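This report describes a protein model through its charged pairs, its nonpolar core, its chain interfaces and its surface. The sequence and the structure are shown first.

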Amino acid sequence: MYFETWSAVWQMDGHGPYVWAAYSLTAFVIFLLIASPWFRARQLTQALRDDAHRRAAKASLTGENHASEA
Amino acid sequence: MLPELGTFLRFQAQRHLQAALRRPGDIVGPLIFFLMVVTLFPLGLGPDPAVLAALSPGILWVVALLSSLVVSGRLFQSDYEDGTLEQLALSPHPLALSAMVEVFCHWLLSGMSLALVSPVFAGLLNMPTQAMPVLMSSLALGTLCLSLIGAVAASLTVALRRGGVLLSLLSIPLTVPVLIFGTAAVREAALGYDPTSWLALLGALAAGGCVLAPFAIAAGLRISLEA
Amino acid sequence: MWSIVHKMGSPPWFYRFANRAIAWLLPIVLLALVVGSIWGLLIAPPDYRQGNSYRIIFIHVPAAVVALAGYYVMATAGLMSLVWKIKMADTAMRALAPVGAALTFIALVTGSIWGKPTWGAWWVWDARITSMLILFFLYLGVMALSEAFDNKAAAAKACAVLSLVGTVNIPIIYKSVDWWYSLHQPASIKFTGESAIDTSMLYPLLLMILAFYGLFALSVLLRMRTELLLTYRQSAWLNAEVS
């Protein structure tokens, strides 16, 4: 490690605010880039699964009705 | 019976030129726009002749670029609306060539007329007289490039209802080299240097554009017709 | 070679491929980004001229490099979609533009922040920054065009044509901006000169460039997977794949 103390890490000889602002903004954009399609995909797969369950339940329900009629 | 390619293209050119000449307002309008925007600069920057002369190459070129963008939105519009474009796409003659005829006619009436009257506007901004021929030739070559870029953007946006802003959004980044070479040529001439290399670069852009743009324009028009 | 292209073009195959690739890439990319950042921020020595502000280079340069390369990747996808009519190339086009724009945005903002301690101004019309800004506009143009069409296939084809036109223009734009800059500012200040970079700074920089390439691939795959889930939500293979 180049720096001696943690406060030296934050200060960076006066350049700290610039460096840390640049890094945190980049981290935020990267987080958005990864998280937004990730959660959207999770939401979409969940919706597809729910639909499949509903269809399966409906199919078994109508199947039972047919059985009781016979 | 379909005429041969040469005759066909001549007919197309006649059709475009006649239609444009029947509405002279469409040719004069952009020039008046140019005049009005040039008037805004002394009002905004102050009437100091030295300042205006120093800024005049940039001002004239930026205004020329804007007015060229404004008019290129009309390219292909009427042909798209009345179905002529569909006929041209179906004809055995290449769509790229018939589209290029329209671009050339458009350039003759908008870009060339702008280049021809530009010394008047340059005089308003106190530009040195020795730069005027260079201004005219750089605008003549540059507006051809701008018309080609505008035509590519117009071919992609002609089917869209809100194509106007989008057309500028697509064109402006592509027009950067034209603006740089054009202003550089006029600046060098105004300072008394030799502007030939910058004019040659503009000519190279125009020549390259004339070779490559037709393919993009034809592809864009076909996509717009399918959409 | 061609069998891979054919497989790539098949949405079910690509969906499975994307799932597997994302599972691998996500931890690797995050780890590389964290290691590279710590290396660049804490371990690498400061620059003798710029002090510590140069540490922004470890995100600025990788973002800029990958953003520019991303435009060429987008144009290649456009060419594939126009010439071979590969469906996945259309999806790739739509996914690539926002990712490229985001990376260009990172490069622009970090460059601007870097400019404040270095040049004393938030924005300087330097040749490289100006070219980057124009690249950002090119990406925005592709995104706006793809949003403007109702028909997705037409949108992809239109974006393909636009990105190919942009690709032909990018070298001309970069060169012309270079000349423009040297014409107005005859080589007075140059920070990005030919000074050889020391290995203690070069290795973290290379790691970060690789990490950003990985990040680019990862976020494009994530977006393409989301797009597939939307487009094929009615089809049997996707339902079988999901449940």
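## Salt bridges

A salt bridge is defined as a side-chain nitrogen of Lys or Arg within 4 Å of a carboxyl oxygen of Asp or Glu. By this rule, the whole structure holds eight salt bridges over all chains. The model is predicted: local features need pLDDT of at least 70, side-chain atom pairs count only at pLDDT 80 or more, and totals for chains, interfaces and linings use all residues. Residues are numbered from 1 along each chain as its sequence is written, chains are lettered from A and ligands numbered from 1 in the order in which they are written, and side-chain values use heavy atoms, with hydrogens and water left out.

In chain B, Arg23(B), Asp26(B) and Arg74(B) are linked in a network of salt bridges. Arg23(B) pairs with Asp26(B), their closest N and O atoms being 3.5 Å apart, while Asp26(B) and Arg74(B) meet at 4.0 Å, N to O. The second pair joins distant parts of the chain, with Asp26(B) in helix 2 and Arg74(B) in the loop between helix 3 and helix 4 (77-81), 48 residues apart. Helices are DSSP runs (H or I, at least four residues), as strands are (E, at least two), numbered from the N terminus. Relative accessible area is classed as buried under 20%, exposed over 50% and partly exposed in between (1.4 Å probe, protein chains only). Arg23(B) is exposed because its value is 51%, whereas Asp26(B), at 27%, is partly exposed, and Arg74(B), at 42%, is also partly exposed.

In chain C, Glu227(C) forms a salt bridge with Arg94(C), the closest N and O atoms lying 2.9 Å apart. This pair connects helix 7 (residues 199-231) with helix 4 of chain C across 133 residues. Glu227(C) is buried, with a relative accessible area of 16%, and Arg94(C) is partly exposed at 25%.

## Nonpolar core

A nonpolar core is a set of buried Ala, Val, Leu, Ile, Met, Phe, Trp, Tyr and Cys residues joined through side-chain atoms within 4.5 Å. The largest such core has 171 residues, and those touching the most other members are Leu60(B), Phe76(B), Ile217(B), Leu103(C), Leu145(C) and Phe212(C). Helix 4 (residues 87-119) of chain C gives the most to this core, with 16 residues.

Contact means heavy atoms within 4.5 Å. Beyond its neighbours within four places in sequence, Leu103(C) is in contact with residues including Ala63(C), Val66(C), Phe212(C) and Phe216(C).

## Interfaces of chain C

Buried area is the accessible area (1.4 Å probe) that two parts lose on being put together, summed over both. Chain A and chain C bury about 3,300 Å², of which carbon and sulfur atoms give 80%. The contact takes 29 residues from chain A and 45 residues from chain C, and zero salt bridges are found across this interface.

Between chain B and chain C the buried area is about 2,200 Å², 84% of it on carbon and sulfur atoms. Leu156(B), Leu174(B) and Ile223(B) supply 23% of the area that chain B buries against chain C, more than any other three residues. One salt bridge is found across this interface: Glu226(B) pairs with Lys157(C), with 2.9 Å between the closest N and O atoms. Ser176(C), in helix 6 (residues 152-184) of chain C, is buried at 0% relative accessible area and touches Val176(B), Pro177(B), Ile180(B) and Phe181(B), not counting residues up to four places away in sequence.
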